[in-house]
Amino acid sequence: MSDRASADAANHLLRVAREHPECAGGKVLADLRIRLDMKVEMPLHLKADGVSTTGVRTIEPVTFVLPPGYPWRSPSVTLRPDFPRSFPHLQPGSATTLPRPCLVDGSQDEFFLQWGLVEYGIFHLIEQVAIWLRKAAIDALIDSAQGWEPMLRRDLADVIALDADSARLAVTKSGGFATWDARYYRRGERDARVTVAASAFITSEGKAVPLRHKSDDDQFTASRDKTDVTIGRTVVGIVWPDKLPSGKPHVSDRYWPEDIASLGDLRDRALQFGCERGFEQLLSNIERSFAGLVLRAPIPIGILLCVRRPVHLINSASPIELLPYVVEIRPEPRRGSLFAQGDKEPVAPAMHYQLLTAALLRTLSAAPARPAIAMLGCGSVGSKLALHAARGGQEVVAVSDQGSLRPHNMARHALGGRHIATDKAEALAEELRDLKQQPAVYNGDIAAALRFPASRRDILPAASEAVVNATASLSVREALVGSTQERDRPRLFEAALFGKGRVAYLLVDGKGHNPNHSDLMAELYATIDDSETAALLFDPDEGLAQIQIGQGCGSLTMAVDDAQLSMMTAALSKEIGRALDHPVKEGAIVIGVSEENSPATRWSKQAVPSFETVLIDGSDGWQLRISQRVAKRIRQDAKLYGNVETGGIMIGLSSARLKTVTVVDLLDAPPDSTRSASLFLLGTQGLQAQINDRHEVSGRTLFDVGTWHSHLAEQGPSPTDWRTAADLAAGRAPPSVLLIATPTRFHALIAKKGESR
Amino acid sequence: MTASIIFFPVNNGDMTLATFDNDQQLLIDLHVRKAADDPDDDTPDVMAQLREHLKRDEKNRPYVDGFLLSHPDKDHIGGLVSHFHLGPPEEWNKDDDKIIIREMLSSPIVFRRASTEHVLCEDAKAWAKEARRRVKLYRDTKTIGVEGNRIQILGEDIDGKTDDILGIVVKTDSLLTSLNRVSAGAFEARLLAPLPKGDDEEVDQLLAKNRSSVILRFSIRGAGYLDKCRFLSGGDAEVAIWERLWDKHGSKNADWLQYDILQTPHHCSWHSLSYDSFSTYGEDAEVCESARSALAQTRKGAIIVASCEHIDPEDADPPSDKAKREYISIVDGKKDRFICVADVWENEEQPLQYDIGSNGIIKVVKSAAKAAVTALGIGATAAQARPHGS
């Protein structure tokens, strides 16, 4: 800005400020500064004195400074030099800098720039100042109902990362200190000082180590990584307050601004917090551990004061506030102390970062603790689901996939190019390890391995509490269903996409794994009533019959972008979370269809109660599984024809590997059927066409799996029934079941080909 | 809810809402001028402002826990019939959406017949009728009715007219501690007037004219802390009453008159401070020292609120500029501690509000959002006709 433009901007700010009801006046000063006299409403009895009990005046001079780049940046705001400093929401800074109020939650530049009109930005910034001052006047910057406001430590150069809860757990009733093993990353020349040209990032996993005095010790190390970067080992000293002479805990209810600049300052502050004994012990122990030893490099040490506050901290249940600092030791030869400048040794207030833990991820995700999952399939869907879970702090105990990452996978897979040519499962596990997970890895044939208990345990370790099948593989589905016992604990999920990624479904099995995924899939085929979804579902090229995304070569040619796949997969991940958070007895089918040319996606969720199961007589362990929807219809029909037998055709599918016949629909008896008290004769008129239609409508998935008829009395299969069963069996290759509904139960029978009783 | 006192901009008249920290609300007087109900008129729509602060009950009826009428003059009760439900609460109807008065607080003047001395306006008559209905319910059943049928009489009536309903009478000099049958400790109020009829006939004569103005000194709890705000409110009580109160309490109970906020009696009328007519005596008119003392028991930082139009020395009393100067002298000569409600409206476009919290009494500042609109000229293009074209 030219001088002229700057002066205009300053005058403009003052003009706008004067429009604010709490601005009593002001003056443009030199150097792009503007003084505003702000009115501060305070209780009547304090107003009479012109100053509040906290030292805020009824008229406060506030200085706005226009920064270079204004109005692309916010003016900065400072208070008078003698403004009381014992407030939260004062930016950290030493006593020699002007107090700066923290006016907004977040970036002040962003706040200022959110208004198109500069006038609005100025006006609202002044409003924030007015509010800040009013709160400061009555000491209401901390709302004790919300909790204790931790000291502001935003934008500091030094960092100590450790688990806050572990540090708090170290605090005992009587005072003291503990030292934790830590690693550091120091930036700056060797002779540079923290607070000026050096900074450190110290990480501790919370392992307590006593300070030792050994020359071959590696408790403190330093090695040069790059020109101005040193890495090595160090300690973090955790210091907490002594109890009071009365035996009560030392509670610090006074807010101190963060203005520590030297070891002397820190010593005084430790005293104010009742931490002096632990603090001095820590320093002398460090001195002693280096007695007679030399290390020609500065080593940053973390010091964490644990301060007990009168109320819990905001967003925490604990009243212990953690105040981290970094100071450097210099074990030079012929030194007087490790702290070269004694009390003048620079100390940098540091920011505390929470260590990467599942708990941290859960907090940030606002997610509850969820059951540990085993992921079957590490393709694009599986990799994304696993990472969603891990980022939400959910444990991933195992990942399984037979394939390896190939270049084309990069179009949609969660992992990046550096993993190409490695095993998918191992690559995903590596990524998960960076998120503090330790998944077991299986990279063989999942469907084959599930069938044997030993290898099944590799895929589903004992710690699995939920299983997600993201393989989009029929054989894995059947192997999973077939190998799962009723008593097995983990809830099973199946997630997949089809129809060029436009459709996604999630199957959630029921309690005791009934309904299972095969039941649910049959139920989905039978009940789908949305024509668009049905068209996509049964499309011969893009539908379920074709394996879409996952294993096989299909994915090579299938064109769907990562955004579409991610969008659908993200929703499936949310549904898995929901199902785990609120488990119910029923199974569920969740299905989503995204519109082709708009951002809209329709999701629906259907609860599916357990299937009724009947052992099939005459078979070697086959089972008839009937959807409750259908079972209810059979019973209603039988009741409707109260005094004669009735019946119809059962529609469903069957699996030779699972030895199941699943019934999910019925066809009414043809019009030429006859019903009497002792016999139901199934007619034939139009029946063939009806069955064919049903088969076509279901995308050629469902067919006639047998017949049903009612018995008026509590009586099982009759010789006639057995003969009919034999006739049915002779008629075709797939098993045909005869179901008998008596007033109280179902009987099922089947006859082997050529067999008659 | 934060305890507060709100003075609505009604020019010469009173309309004050006290909200207590137990969420109960007491409306003191009402002055809705006809123009205030006219959306095209600039007169502040005080009923809309009031309704913003009211809650609704489980039947979605807006309500006040109590309505205290200091005395039945038009500038203290105007608008009652249009905006408040009168009659049995079960007859409330949704379309009118009038405000339910859960409990009335009234002086015993409702038992008197209108006379040449007491010409009652329609709203005042309606108030009296409703009060008599509620008193009759109590007299008939001797039990406290449901919300909407309740009443407390502030002061005993002459000739023992209230002797059979003492269960709902608060005697002068005693404390009013309940509102709508709730005694939560959120406030207490010393009933200083109406003064009971005494033996001194001369004084009675003098007092007759405005004997009935209710004077209460509230002590209000703020955020759970007792006695955070003392508020003295005295309707239109004039000099004789204040003189008498000081004579009665000045030596032993001056504390009963102490306040943080005083609402000037009778819209800053000179006649509350002096027997001398200003029009006759001008600047020579003398202040009645006892009356002044009754109105000068300030706590530290106390303020005086004049619910009246802008005070112009050239205009007729009330409001009186001389009274204003006298009041300013009471608040240590600090002009900013004498506040005219109309001026607040003029500057801030909002009612005058004080919040009562644990720290004390704090004036609510002008809403920044509202300030921004005017300060930054939003809508300025519509403020006047702008010529366009060549």
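A: Helices (H or I, at least four residues) and strands (E, at least two) are DSSP runs, numbered from the N terminus. The structure is a predicted model, in which local features need pLDDT of at least 70 and side-chain atom pairs count only at pLDDT 80 or more, while totals for chains, interfaces and linings use all residues; side-chain values use heavy atoms, without hydrogens and water. Residues are numbered from 1 along each chain as its sequence is written, and chains are lettered from A and ligands numbered from 1 in the order in which they are written.

The peptide bond from B:Asp317 to B:Pro318 is cis, with omega near -10 degrees. The bond from B:Pro318 to B:Pro319 is also cis, with omega near -5 degrees.

Chain B also touches chain A. The contact (heavy atoms within 4.5 Å) takes 20 residues from chain B and 17 residues from chain A. About 1,700 Å² is buried between the two chains, and carbon and sulfur atoms give 71% of this area. Buried area is the accessible area (1.4 Å probe) that two parts lose on being put together, summed over both.

Side chains of opposite charge can pair when their charged atoms come close. One salt bridge is found across the interface of chain A and chain B, a salt bridge being a side-chain nitrogen of Lys or Arg within 4 Å of a carboxyl oxygen of Asp or Glu. Its partners are B:Lys300 and A:Asp49, whose closest N and O atoms are 2.4 Å apart. On the side of chain A that touches chain B, the elements giving two or more residues are helix 2 (44-47) and helix 4 (118-137) of chain A. Helix 4 of chain A gives the most, with five residues.

The whole structure contains 67 salt bridges over all chains. One of them links A:Asp259 and A:Arg269, with the closest N and O atoms 3.0 Å apart. A:Asp259 lies in the loop between strand 9 (229-240) and helix 6 (263-272) of chain A, and A:Arg269 lies in helix 6, so the pair ties together parts that are ten residues apart in sequence.

The pLDDT is the predictor's confidence in each residue, from 0 to 100. Chain B averages a pLDDT of 90, and 92% of its residues score at least 70. Chain A has a mean pLDDT of 90, with 96% of its residues at 70 or more. Over residues 546-556 of chain A, however, the pLDDT is below 50, and this stretch has 31 contacts in the model beyond near neighbours in sequence. The model scores ipTM 0.90 and pTM 0.73.
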